[in-house]
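Dear colleague,

I am handing over the structure that you will be working with, and I have written down below what was found in it. Please keep the structure open beside this message as you read.

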Amino acid sequence: MSWKPTPASADRLRAKLDDEFETVAKPEGLRRSSDARREREAAAPAVEPDTWQRSSEQRGNARGGSRIGAASGRASGLASGRASDHAAGRTSSSEDEATAQDDGKPARKGPSLKMRAVGYLSRREHAREELARKLAAYAENPDEIESVLDALEKEGWLSTERFAQSLVHRRASRQGAARIVQELRQHGVDDTQVAELREQLRATEYDRALEVWKKRFDAKPEDRAVYAKQARFLASRGFAHDVIRRILGEGEDD
């Protein structure tokens with residue numbers, strides 16, 4: 001009768017054989033690997049500790065030097081750029097100052113003095129003194145204004161006589177002779193011309209005052225208070241007292 005191993009006994013036998021194989025083979029493998037490592041270490045050239053330390057320091061210095069060099073290059077580039085910008089700004093500023101100042105005088109901006117005067121005269125007539133006052137804010141000296149005004153009068157642009165006639169025409173329908181004459185004198189109109197214009201205004205004073213009164217009031221005053229109110233209104237417009245009495249009546253005058 002032959003013996004046949006059962007599955008359990010077969011597994012135990014296989015495990016026992018594996019243990020015996022590992023016990024024999026493992027130390028040999030370890031010995032072979034350790035022998036090879038010792039051979040490699042013996043064959044490699046020996047490095048002294050000082051040499052290794054110096055080489056490490058040199059590598060560190062080289063890396064640090066490269067970083068410092070790069071930073072220094074960037075800093076010098078920025079500094080040179082700022083210096084160039086500063087120099088360019090200073091140069092442009094100097095050029096602007098040289099352009100703005102010619103013989104110590106600031107450069108004038110905008111239209112010339114004569115063009116400004118022509119612009120004023122194109123809108124309406126001006127007296128000579130009135131136009132001189134307007135140009136004073138743009139002129140460097142009074143002689144320049146006088147020169148421009150003389151040229152404008154010679155060319156026919158400026159005429160104080162025309163200004164006086166124009167002012168009378170614009171004011172006559174609303175104001176009396178006294179008010180208009182006062183304004184003419186303020187603008188420097190010649191006394192001879194003012195006297196002539198006053199006579200012309202006085203000749204039409206009553207008719208003009210009557211039209212102004214009719215536009216404002218419906219009827220003549222019935223009592224002293226209304227009379228005083230209407231009289232003050234006409235007097236404020238520059239009409240003469242004798243003309244006011246003719247319009248409102250003699251008996252109620254203050």
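Which side chain meets that of R128 in a salt bridge at 2.8 Å, N to O? The partner is D150, where a salt bridge stands for a side-chain nitrogen of Lys or Arg within 4 Å of a carboxyl oxygen of Asp or Glu. Before going further, please bear in mind that this is a predicted model, in which local features need pLDDT of at least 70 and side-chain atom pairs count only at pLDDT 80 or more, while totals for chains, interfaces and linings use all residues. Residues are numbered from 1 along each chain as its sequence is written, and side-chain values use heavy atoms, with hydrogens and water left out.

Salt bridges

Side chains of opposite charge can pair when their charged atoms come close. A search of the whole structure finds 9 salt bridges. Helices here are DSSP runs of H or I with at least four residues, numbered from the N terminus. R128 is buried, with a relative accessible area of 19%, whereas D150, at 41%, counts as partly exposed; buried means under 20% relative accessible area, exposed means over 50%, and partly exposed lies in between, with a 1.4 Å probe and protein chains only.

R128 also forms a salt bridge with E153, and the closest N and O atoms of that pair are 2.8 Å apart. This pair too links distant parts of the chain, since E153 sits in helix α5 and R128 in helix α4, 25 residues apart. E153 is partly exposed, at 34% relative accessibility.

Another salt bridge joins D242 and R202, with 3.5 Å between the closest N and O atoms. D242 is in helix α11 (residues 241-248) and R202 in helix α8, so parts that are 40 residues apart in sequence are tied together. Both ends are partly exposed, D242 at 34% and R202 at 38%. Returning to R128, salt bridges that share partners join R128, E146, D150 and E153 into one network.

Around Q230

W213, in helix α9 (residues 205-216), is buried at 7% relative accessibility. Leaving aside neighbours within four places in sequence, W213 is in contact (heavy atoms within 4.5 Å) with A219, K220, Q230, L234, I247 and L248. W213 and Q230 are 17 residues apart in sequence, and their C-alpha atoms are 8.0 Å apart in space.

F217 lies in the loop between α9 and α10 (224-236) and is also buried, with a relative accessible area of 13%. Not counting residues up to four places away in sequence, F217 touches Q230 and F233. The C-alpha atoms of F217 and Q230 are separated by 8.0 Å, although these residues are 13 apart along the chain.

A charged patch

On the surface, E161, D190, D191 and E196 gather in a patch of negative charge, a patch being made of residues with over 30% relative accessible area and no salt bridge, with like charges joined within 9 Å. Of these residues, D190 is found in the loop between α7 (177-186) and α8 (191-203), and D190 is partly exposed at 46%.

Note on methods. Patch = residues over 30% accessible without salt bridge, like charges linked within 9 Å, V, L, I, M, F, W, Y side chains within 5 Å. Areas by Shrake-Rupley, 256 points an atom, 1.4 Å probe, with all protein chains shown as cover. Lys, Arg positive; Asp, Glu negative; His and termini not counted. Charge placed at Lys NZ, Arg CZ, Asp CG, Glu CD. Helix = DSSP H or I, 4+ residues; strand = E, 2+ residues; numbered from the N terminus.
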